[in-house]
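Subject: Structure handover and notes

Hello,

I am passing a structure over to you, with my notes on it. Please open it alongside this email.

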Amino acid sequence: MILRTNQINSIGNAMFKFSTKLHVHKNRLKKNGHQALYLQVYISTPGNSSRTYIPLNLEWPADLIDLEESILLPRQKKDPDASDFNMMIMSERAKLNEIAKLYRLSGRYLSIDIVKRELFYFDPAKSVIGYFKKRRKELFKLRAISEQTWKNYGSTIIALEKFEPGLRWDQVDVKFMQKFRAWLKKQKNTSGKPLAHNTVWTRLKDLKSFFRVASEEIQVYVPQSVIDFPNPYQESESTYLNKDEIVRLIQQMDQKALSPTHFNVLKAFLFCCFTGIRISDLYNSEYSWMLSDNFMKFTMRKNSDRRPKTITIPLIPLAKLFVNETRGKLFDLPTSQEYNRSLKDLSRMASIGKTITSHVARHTFGYLIMKYVGDIYLLKKLLGHSKIATTEKYAHVDDEDNYFKTLQIQEDFRTHYKIKF
């Protein structure tokens with residue numbers, strides 16, 4: 001079987017021609033009469049062309065190389081080496097063909113440098129990033145990781161590609177981890193601000209996870225010091241709304257004064273403040289979840305592909321005020337990006353000096369439950385947490401409440417011991 005590769009590929013209004021073939025440098029004949037084998041890669045666009053020669057790390061008798069057909073001729077009848085070498089040549093050309101096909105189908109520009117980079121990634125035994133990409137795809141296909149973890153891994157791979165695109169396994173050590181961490185700390189988010197500590201923590205956590213799996217799966221050496229690289233998690237102060245801020249938002253509920261998007265987002269956000277459901281569940285919420293007038297029952301989207309969990313949430317009358325009066329979806333919502341942009345506008349309209357995102361509603365619900373009920377185990381159940389340590393981050397009580405509760409000590413001394421203040 002002969003593999004031929006000669007494609008004309010469209011990129012927008014431009015075209016590029018891509019081809020591969022077996023190649024030897026005729027002036028480099030070895031003493032034993034053999035020549036080193038290469039694959040010639042040729043790419044051209046209108047007015048420009050380039051080629052490169054990729055070594056196959058193979059050699060063959062010069063008079064038994066058919067460059068026209070890109071195959072090796074047997075040295076004797078039923079030559080096993082000829083068959084094996086031809087299979088290796090076909091395999092390498094197939095890799096190159098696959099790269100060209102992917103770029104053609106996605107309408108992306110292809111150059112010699114890109115081909116070399118992608119070919120490097122094709123070999124996970126050499127390329128760290130190549131292995132990460134392959135393993136990420138496999139884990140998601142097997143449903144061994146959630147969609148959110150799949151996204152996190154993707155962001156980590158992109159960051160690693162920017163930092164060290166040609167990273168090899170023999171370059172992985174503690175010094176590399178230190179340099180990568182330092183580089184991450186200098187990067188900016190979409191708002192132009194330095195990456196948050198916990199974003200850096202996530203990138204390093206993902207990296208260590210990949211290295212741990214790789215050391216068990218493929219023939220590479222990953223130092224234990226890399227797998228054990230210190231990466232402490234730092235709790236950040238979570239944002240929530242207090243009673244007065246919630247009231248100011250409710251007072252904005254004027255359909256005539258707000259745009260339809262702002263009005264719908266405000267209703268949905270306030271609903272979450274009094275139910276605690278996640279934004280991913282909010283977008284899927286529908287009337288079929290209504291177990292009764294007082295309860296809503298649904299399977300959470302988070303980890304639903306691996307560990308589905310169904311929870312029942314009380315619906316107080318105040319929460320039901322914000323639900324659409326139609327069947328089907330509970331809310332008519334824009335994209336998640338527009339949702340968060342609308343929340344910033346609504347926060348400004350209500351004179352709330354906090355950065356409000358979709359997750360603030362969930363923290364606000366935790367604040368309300370702890371303020372009026374004070375039962376962290378109930379809050380754990382309503383939020384659908386598996387561990388109480390996770391719930392503790394949501395158990396807010398504001399400074400004003402702390403002050404008045406502490407005053408009870410003073411009241412006891414005043415009442416029972418007649419001490420005047």
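**Confidence**

Keep in mind that this is a predicted model. The mean pLDDT of the protein is 85. A value of 70 or more is reached by 90% of the residues. Among the elements, helix α5 (residues 174–186) has the highest mean pLDDT, at 95. Strand β1 (residues 5–11) has the lowest, at 43. The pLDDT is below 50 over residues 1–14. That stretch still has 40 contacts in the model beyond near neighbours in sequence.

**Aromatic rings**

There are 19 aromatic pairs in the structure. Take Phe 132 and Phe 211 as one of them: the ring centres are 5.6 Å apart. Their planes meet at 55°, so this pair counts as tilted. The pair links distant parts of the chain. Phe 132 belongs to helix α3 (residues 128–141) and Phe 211 to helix α6 (residues 197–217).

Trp 289 and Phe 298 pair with another geometry. Here the centres are 4.4 Å apart and the planes are at 10°, so the pair is stacked. Trp 289 has a relative accessible area of 12%, so it is buried. Phe 298 is also buried, with 4%.

Which residues form one aromatic cluster? They are Tyr 131, Phe 132, Tyr 153, Trp 169, Phe 210 and Phe 211. The tilted pair of Phe 132 and Phe 211 is therefore part of this cluster.

**Charges over rings**

- Arg 136 has its charged end over the ring of Trp 150, 3.9 Å from the ring centre.
- Lys 354 has its charged end over the ring of Tyr 240, 5.2 Å from the ring centre.

**Cysteines**

How many disulfides does the count come to? The count is 0. A disulfide is a covalent bond between the sulfur atoms of two cysteines. Cys 272 and Cys 273 show why such a bond is ruled out for them: the sulfur of Cys 272 has its closest cysteine sulfur in Cys 273, at 7.2 Å, too far for a bond. The cut-off used is 2.5 Å. Cys 272 is buried at 2% relative accessibility. Cys 273 is buried at 0%.

**Single residues**

*Ser 285.* This residue is in the loop between α10 (279–282) and β7 (295–299). Ser 285 is buried, at 1% relative accessibility. Its side chain reaches the backbone oxygen of Leu 282 at 2.7 Å. Leaving out residues up to four places away in sequence, Ser 285 touches Lys 329, Leu 330 and Phe 331.

*Thr 52.* Look for this one in strand β4 (residues 48–61). Is Thr 52 buried or exposed? At 9% relative accessibility, Thr 52 is buried. Its side chain makes a polar contact with the side chain of Lys 116, at 3.5 Å. Beyond neighbours within four places in sequence, Thr 52 is in contact with Leu 39, Gln 40, Val 41, Ile 112 and Lys 116.

*Asn 86.* Helix α1 (residues 80–105) holds this residue. Asn 86 is buried, with a relative accessible area of 17%. The cut-off for buried is under 20%. Asn 86 and Ile 71 are 15 residues apart in sequence, and their C-alpha atoms are 6.1 Å apart. With residues up to four places away in sequence left out, Asn 86 touches Ile 71 and Leu 72.

*Ala 319.* You will find this residue in helix α11 (residues 317–320). Ala 319 is buried, at 0% relative accessibility. Its C-alpha atom is 5.6 Å from that of Phe 274, which is 45 residues away along the chain. Not counting residues up to four places away in sequence, Ala 319 touches Phe 271, Phe 274 and Thr 275.

Best wishes

Methods: Residues are numbered from 1 along each chain as its sequence is written. This is a predicted model: local features need pLDDT of at least 70, side-chain atom pairs count only at pLDDT 80 or more; totals for chains, interfaces and linings use all residues. Side-chain values use heavy atoms; hydrogens and water are left out. Rings of Phe, Tyr and Trp (its six-membered ring) pair if their centres lie within 6.5 Å; planes under 30 degrees apart count as stacked, over 60 as edge-to-face and the rest as tilted. Helices (H or I, at least four residues) and strands (E, at least two) are DSSP runs, numbered from the N terminus. Buried means under 20% relative accessible area, exposed over 50%, partly exposed in between (1.4 Å probe, protein chains only). A charge sits over a ring if NZ of Lys or CZ of Arg is within 6 Å of the ring centre and within 35 degrees of the ring normal. pLDDT is the predictor's confidence in each residue, from 0 to 100. Contact means heavy atoms within 4.5 Å. A polar contact is a pair of N or O atoms within 3.5 Å; within protein, one must be able to donate a hydrogen and the other to accept it, and residues adjacent in sequence count only if both atoms are side-chain atoms.
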